[in-house]
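Hello,

Here is the structure we talked about handing over. Please have a look, then read my notes below.

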Amino acid sequence: MRLLIPALLALSFVGCSCQRQPDPDAAVAPPAAPAPDDAQTRAQAAAAQRAQAQSQQRLDAITDAVNELHQYLQKLGSGKREEADKHWAYQRLPRGNEEADLRALDNLRAIRIENDTPKQIDQELLPELLEIPVDLRVSLQDGENRRYKGWYRMKRNPVDRRWELIGVSIAVVLR
């Protein structure tokens with residue numbers, strides 16, 4: 001019995017002659033023929049690529065608009081009114097209380113900007129007009145905190161293709 005154990009261990013390392021080895025003379029089966037590439041399959045693939053590209057362009061346009069709005073609000077919050085004004089189309093500034101008292105705040109310490117998903121106003125494939133809902137939380141230097149809620153409307157400039165502000169409706173949220 002003691003002799004049987006070393007013999008079995010030796011066989012496990014050496015291998016068994018009963019293992020099947022592929023016959024080198026056997027003919028190798030040809031690879032499966034690729035599926036025929038017909039016009040309909042190519043058209044469907046092209047349509048899917050176009051749809052994906054358009055979806056990406058739409059997402060990029062919306063992201064650019066949101067980034068432009070955030071830059072405007074950051075400049076407004078940091079007191080750089082002249083730089084912030086350059087984000088408005090037609091050199092128009094908000095009238096009256098369209099932007100509540102945001103433009104009048106001088107003792108601003110911090111501003112937190114949150115926006116919801118922009119709503120496309122036009123019917124174009126790629127958006128040219130957007131309304132971006134915002135929720136702003138403002139901290140003043142005296143410790144007072146305020147919350148503003150509303151929306152900004154933006155359009156894409158047809159000449160240089162950058163986003164510009166064209167309208168706003170912001171109000172203080174009362175507690």
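Start with Trp-88: its relative accessible area is 3%, so Trp-88 is buried (buried means under 20% relative accessible area, exposed over 50%, partly exposed in between, with a 1.4 Å probe and protein chains only). This is a predicted model, where local features need pLDDT of at least 70, side-chain atom pairs count only at pLDDT 80 or more, and totals for chains, interfaces and linings use all residues. Residues are numbered from 1 along each chain as its sequence is written, and side-chain values use heavy atoms, leaving out hydrogens and water.

Now the rings. A search of the whole structure gives two aromatic pairs (rings of Phe, Tyr and Trp, the last by its six-membered ring, with centres within 6.5 Å; planes under 30 degrees apart are stacked, over 60 edge-to-face, the rest tilted). Tyr-72 and Trp-88 pair edge-to-face, 6.0 Å centre to centre, with 85° between the planes. Tyr-72 lies in helix 2 and Trp-88 in the loop between helix 3 and strand 1, so this pair ties together parts 16 residues apart in sequence (helices, H or I with at least four residues, and strands, E with at least two, are DSSP runs numbered from the N terminus).

Tyr-72 and Tyr-152 are also edge-to-face, at 6.0 Å and 70°. Tyr-152 is in strand 4, so that pair joins parts 80 residues apart in sequence. Tyr-72 is buried, at 0% relative accessible area. Tyr-152 is buried at 0% too. Ring pairs link Tyr-72, Trp-88 and Tyr-152 into a cluster.

Best wishes
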